[in-house]
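Keep the 3D view open and click along as you read.

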Amino acid sequence: MNIREFTKDIFYVGVNDRTTHLFEALWPLPYGVSYNSYIVAGTEKTALIDTVRIDEVHAYIDAIESVGRNARIDYLVVNHMEPDHSGSIPEIIKYYPGIKIIGNSKTIDMIKGFYHIDDPDRFLEVKDGDTISLGDHTLKFYFTPMVHWPETMMTYVEDLGVLFSGDAFGTFGALNGGITDRDMDTDIHISEMYRYYSNIVGKYGRFVGKALEKLSGLTLNYICSTHGPVWIDRINEVVKIVSDLASYKSEPGITIVYGSMYGNTAEVVESVARELTSLGIRNIRIHNASVSPMSDMITDAFRYKTLIVASATYSMRLFPAVETFMNAMETREIKDKIFAVIGNYTWAKNVVADKMKEYADRMKLEITAALTVKQSPDTEDENAAWEFARQLVNAMEVVETDK
């Protein structure tokens, strides 16, 4: 068990999951994932911060019991109600029958709905800015709705500068022996933070921005998310990553997502990529939408400034895998991109261009460059690909100059 008192009176009691293949039954977990829970032990009261997924509950109870403190848990603070964090609530109540559950009104309603716990004496409702004393430590509650559910809040230990942030600053990837970013190499967790944010939280950037603004005056010595390491040395870095993603700030680079039935659209994409490279672009990510995990395509589209989407025409629509990708982009309200489109057709020339314009209009994106190729590309199409690439690079240079 990965149990440790990482600062005075605060213990990590989370668990690792290295068997679940798809997070939320959608997103691949090549490095596993952690479900983090914490104990804050005061001189008068002890609080448990969040729980874990129900199938890890036995290891979780063992972790709590191993901390000792006379096995007394007075409060359970619920920062987020998604079942990977709240699933063990019914079992915690069985083990600690006198425990009080702390949450806001939305949290309490969800607990009743998910777990049918409706004894009013079981709950202690808090409001934004409320505090609860544990004796020598005080918990303060900050409401951060829609990061990324309506009930989400964060809990701050004022005297220690410890923020229990719920899913904010979270990352895929189990914890490999250590707990904090001082204990282990967390580069993979930084990489997985981009994927976690863009896949899970991406739609709610404006709410994340409001939460960051609310927390901006706090002293942050430790950020304790519900997934991934406890952040200490890399706090400034992870806050900047989340802040940039929440405001749709992107890194220089190009993501190309394409769908091709017989290789003609793929050939056009390869030609465009070669031209872009000849014009000095080095950071290019290419995804075949039929093969690449949706998770990775979404991540790169979020992370890099320029997005090219190329599609064969399929039954008078976009190629299905490309259409699914564009729906994911629209759902996440992606914005502030240099956006370009490539269409390939045999007899319905304008289908891809028209469908892409519909997406662009709804997403408030300007189509910076467009290329349409009939059947397999020829010399004329090669020249058009060069012009397409040149037009795109010029737009990228203008954006960089404006910065």
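Start in helix α5 (residues 187–201), where arginine 195 and glutamate 192 sit three residues apart, about one turn of the helix. This is a predicted model, by the way, so read every distance below as coming from a prediction. What do the side chains of arginine 195 and glutamate 192 do? They meet in a salt bridge, with N to O at 2.6 Å.

Let's step back for a moment to get our bearings. The chain has 403 residues, and 57% of them count as buried. Its C-alpha atoms fill a box of roughly 80 × 40 × 35 Å along the principal axes. In terms of secondary structure, you'll find 12 helices and 23 strands.

Back to charges. The salt bridge count comes to 19, and a couple of others deserve a click. Glutamate 333 forms a salt bridge with lysine 203, with 3.1 Å between the closest N and O atoms. This pair links distant parts of the chain, 130 residues apart: glutamate 333 is in the loop between α10 (320–331) and β22 (338–345), while lysine 203 is in the loop between α5 and α6 (205–215). How accessible are these two? Glutamate 333 comes out at 26% relative accessibility, so it counts as partly exposed. Lysine 203, at 28%, is partly exposed too.

Next, look at arginine 234 and glutamate 237, whose side chains meet in a salt bridge at 2.8 Å, N to O. Asp187 comes into the picture here as well: salt bridges that share partners join Asp187, Arg234 and Glu237 into one network. Arginine 234 has a relative accessible area of 19%, which means it falls under the 20% cut-off and is buried. Glutamate 237, on the other hand, is partly exposed, with a value of 33%.

Asparagine 104 lies in the loop between β10 (100–103) and α4 (105–115). Which backbone atoms does the side chain of asparagine 104 reach? One is the backbone nitrogen of lysine 106, at 3.0 Å. Another is the backbone nitrogen of threonine 107, at 2.9 Å. With a relative accessible area of 4%, asparagine 104 is buried.

For a contrasting asparagine, go to helix α12 (residues 379–402), where you'll find asparagine 383. Its relative accessibility is 52%, so asparagine 383 counts as exposed, given that the cut-off is over 50%. From there, find serine 271: the two C-alpha atoms are separated by 9.8 Å, although the residues are 112 apart along the chain.

Finish on the surface. Here Glu44, Asp136, Glu158 and Asp159 gather in a patch of negative charge. Take glutamate 158 as one of the members: its place is the loop between β14 (153–157) and β15 (162–166). Glutamate 158 has a relative accessible area of 37%, so it is partly exposed.

Technical notes:
Residues are numbered from 1 along each chain as its sequence is written. This is a predicted model: local features need pLDDT of at least 70, side-chain atom pairs count only at pLDDT 80 or more; totals for chains, interfaces and linings use all residues. Side-chain values use heavy atoms; hydrogens and water are left out. Patches are made of residues with over 30% relative accessible area and no salt bridge: like charges are joined within 9 Å, nonpolar side chains (Val, Leu, Ile, Met, Phe, Trp, Tyr) within 5 Å. Accessible areas come from the Shrake-Rupley method with a 1.4 Å probe; for residues, only the protein chains shown count as cover. A salt bridge is a side-chain nitrogen of Lys or Arg within 4 Å of a carboxyl oxygen of Asp or Glu. Lys and Arg count as positive and Asp and Glu as negative; His and the chain ends are not counted. The place of a charge is taken as NZ of Lys, CZ of Arg, CG of Asp or CD of Glu. Helices (H or I, at least four residues) and strands (E, at least two) are DSSP runs, numbered from the N terminus. Buried means under 20% relative accessible area, exposed over 50%, partly exposed in between (1.4 Å probe, protein chains only). A polar contact is a pair of N or O atoms within 3.5 Å; within protein, one must be able to donate a hydrogen and the other to accept it, and residues adjacent in sequence count only if both atoms are side-chain atoms.
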